[in-house]
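My notes follow in the order I made them.

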Amino acid sequence: MLERTGIPTKAEIESITPSDERRRKGPVAVIECFQKIPCNPCYTSCKFGAIREFKDINERPVLDFDKCTGCGICVVNCPGLAIFIIDETYSDTEALVKIPYEFVPLPYEGIFVTALNREGKPICRAKVVKVQNAKFQDKTPVVSLAVPKEYSMEVRFFNIDDYFSDSTYICRCEELTLGELRELIRMGYRTLDEIKRISRAGMGPCQGRTCRQLIMQELAKATGQKMEEMPMTTFRPPVKAIKLGALTGGVDNE
Amino acid sequence: MKTVEIAVIGGGPAGLSAAINAASLGAKVAIIERDDQLGGQLRKQTHMFFGSKEQYASTRGIDIAVILQEELKKYRNNVEIYTDATVLGIYEDGVLTIEQGGKYMKLKPERIIVATGASEKFLAFPNNDLPGIYGAGAVQTLMNIYGVKPGNNVLMVGAGNIGLIVSYQLMQAGVNVKAIIDAAPKIGGYLVHASKVRRMGIPILTSHSVKYAHGKDSLEKVTIWQLDDQWKPIVGTEQDIEADVMCISVGLSPLAELLWQIGCKMVFVPELGGHVPLRNENMETSIKGIYIAGDVAGIEEASSAMVEGRLAGLCAAKSLGYDTENFEKLRHEYLAQLNSLRSGPVGEKIIKGLSKVTA
Ligand SMILES: Cc1cc2nc3c(=O)[nH]c(=O)nc-3n(C[C@H](O)[C@H](O)[C@H](O)COP(=O)(O)OP(=O)(O)OC[C@H]3O[C@@H](n4cnc5c(N)ncnc54)[C@H](O)[C@@H]3O)c2cc1C
Ligand code: SF4
Ligand code: SF4
């Protein structure tokens with residue numbers, strides 16, 4: 001299976017999973033390297049002697065879970081990017097998964113991303129807790145994600161596109177983000193007017209000039225409606241925001 | 001005519017390592033490199049390398065190129081470097097003809113180390129001449145040397161290390177890789193590389209091949225189909241993949257024209273990528289004084305290319321009378337390193353191939 005698809009089998013994963021008991025004790029490395037290849041930096045980089053000595057450079061790494069401190073040095077030295085750190089003591093419900101991530105842009109600490117499994121399938125939302133990119137890491141940053149504990153052995157990559165678009169403003173006046181808009185559409189709001197009434201998008205100083213088309217595009221994408229057939233919002237005066245005082249002052253030439 | 005003791009043809013990891021060792025023993029060396037910079041394939045390898053400490057494992061290829069050039073500088077009094085200089089021919093009297101910057105010149109070395117590397121193999125399928133269809137190495141050069149994005153949606157053909165690594169680097173450059181296909185039933189490259197691109201969501205379709213490329217002025221779409229156990233296409237399994245770039249990475253073959261010219265005994269060895277020269281343990285070919293190292297001696301890895309280069313440089317210098325008390329110790333160390341790199345399952349094929357050409 002692994003050699004046909006690149007996805008390790010359940011049995012292969014089980015064979016390298018630290019015991020429940022060990023996982024309750026603190027951070028630990030998970031080495032997902034299942035083939036004999038001429039490579040040994042995991043062993044030579046570990047300062048705690050946790051990876052068994054390679055008698056032959058083609059050996060597979062064997063980790064002594066009790067000696068492993070979860071320090072993460074091997075993570076940035078593995079040319080296969082095949083090592084992860086999991087820490088199930090992070091909180092009662094969440095575990096940390098540390099993932100080597102050689103891409104730009106790097107996520108910011110505190111944002112949410114879509115966590116992916118070994119097939120690249122989304123499995124949950126995850127908070128970026130830490131981004132480490134020190135000089136010794138030599139351009140292999142490590143991103144720590146907080147994920148529900150049951151996913152500590154599932155989450156192995158993530159997608160930040162979502163973050164960048166989810167938090168992007170659609171309506172700058174009333175501060176509606178793309179993420180919020182998508183949520184509204186998912187909840188069943190299907191017209192410009194409905195979205196305007198529930199979110200105030202389009203009711204600010206620009207009166208919808210910024211957001212109208214963008215909302216239509218997003219509706220079209222999510223629901224398959226054609227933009228040319230979409231019902232418009234009702235247009236009422238005034239076309240720009242004016243002070244109440246201008247109205248209460250009465251009409252000049254009456 | 002200009003003369004030199006040792007001419008090293010090609011300034012990749014093999015050639016650089018050969019030059020370092022020969023010059024360190026005191027030999028006068030000329031490196032002739034057709035590119036405008038030394039480093040060969042290393043110049044575009046932005047990923048960390050495998051191997052062990054001796055071969056700079058977990059250092060990025062581009063940084064290994066710098067390390068080797070720094071080491072070479074220690075012996076700068078013994079080394080002449082010609083860049084933008086292509087060796088056009090080797091003649092029976094041992095004279096090299098070289099084109100450098102539009103000028104033609106001759107060089108007469110006493111020993112020659114050929115380290116010219118390899119070229120990419122191509123595939124035959126209808127419309128394979130459409131713009132947008134490249135060798136994977138060419139795409140890597142475009143991206144990592146010239147900073148040019150090759151397109152938006154890529155189909156990678158070939159799941160060997162090069163196909164997997166270039167796919168990863170395309171994704172790093174913000175190019176979408178639609179799929180990696182390979183005619184073989186198993187992924188040829190290292191599985192850690194495969195898992196790395198797979199978890200980014202790139203499907204790897206083994207037992208699949210290209211049926212047809214479509215496009216008016218350039219590539220627009222590729223029809224692929226599945227192969228059965230006998231590698232025969234299964235009609236009805238066709239699917240279309242929209243792509244403006246197709247990368248072909250179905251292997252390399254040794255760039256051995258110069259060795260043919262001078263009459264080295266050549267053998268066709270599929271395990272090593274094609275025709276390669278007979279050689280002895282010290283990397284000397286059937287013609288005395290002509291040595292080889294790196295991919296031209298058999299397609300392998302930069303790690304083994306560097307060790308072969310060290311060995312060839314050491315032995316070529318020794319044959320000129322430059323000695324070191326450590327000679328035998330070093331020679332054995334290099335042979336041991338090569339053995340160790342090739343000792344696993346991945347090296348089996350190489351060992352089998354080498355058994356056909358090593359005297
Ligand atoms: C995408 C990719 C990823 C790779 N990843 C790894 C990896 O992770 N680990 C690893 O160990 N290996 C890796 N390799 C393999 C490695 O790059 C090669 O095995 C290695 O570069 C071979 O070294 P070489 O010196 O023989 O050839 P090259 O590096 O190809 O150098 C040959 C040099 O000779 C020059 N030349 C050729 N003909 C002439 C001529 N007539 N006159 C003058 N100069 C000439 C060329 O310009 C070139 O600079 C990878 C290769 C590729 C393409
Ligand atoms: S996490 Fe640290 S202690 Fe554990 S194997 Fe890696 S380098 Fe060694
Ligand atoms: S460094 Fe990574 S790829 Fe190399 S043997 Fe260790 S785990 Fe495997």
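I began with the second largest cavity, which holds about 80 Å³ of space. The model is a predicted one, and I kept that in mind throughout.

I then looked up the lining. There are 14 residues that line the second largest cavity, and Cys46(A), Ala50(A), Cys68(A), Cys71(A) and Cys74(A) are the closest to its centre. I sorted this lining by type and got 11 nonpolar residues, 3 polar ones and no charged ones.

Next I asked which molecule takes up the space of the second largest cavity. I found that it is ligand 2.

I turned to the surroundings of ligand 2. I found 13 residues around ligand 2, and the closest are Cys46(A), Cys68(A), Cys71(A), Gly72(A) and Cys74(A). The shell around ligand 2 divides into 10 nonpolar residues, 3 polar residues and no charged residues.

How many cavities of 30 Å³ or more are there? I noted a count of 3.

I went on to the largest cavity and wrote down a volume of about 100 Å³. It is lined by 14 residues, of which Cys33(A), Cys39(A), Cys42(A), Cys78(A) and Pro79(A) are the closest to its centre. I sorted the lining of the largest cavity as well: 13 residues are nonpolar, 1 is polar and none is charged.

My last entry is a recap. The lining of the largest cavity has no charged residue, the lining of the second largest cavity has none, and the shell around ligand 2 has none.

How values were computed: Residues are numbered from 1 along each chain as its sequence is written. Chains are lettered from A and ligands numbered from 1 in the order in which they are written. This is a predicted model: local features need pLDDT of at least 70, side-chain atom pairs count only at pLDDT 80 or more; totals for chains, interfaces and linings use all residues. Side-chain values use heavy atoms; hydrogens and water are left out. A residue is near a molecule or strand if one of its heavy atoms lies within 4 Å of it. On a 1 Å grid over the protein atoms alone, a cavity is a set of points where a 1.4 Å probe fits but cannot get out, and a pocket is an open set with protein on both sides within 12 Å along at least five of seven lines; lining residues have an atom within 4 Å of a point. A molecule sits in a cavity or pocket if more than half of its atoms lie within 2 Å of its grid points. Ala, Val, Leu, Ile, Met, Phe, Trp, Tyr, Cys and Pro count as nonpolar, Asp, Glu, Lys and Arg as charged, and the others, Gly among them, as polar. Grid points are joined across faces, edges and corners, and a volume is the space filled by probe spheres set on the points.
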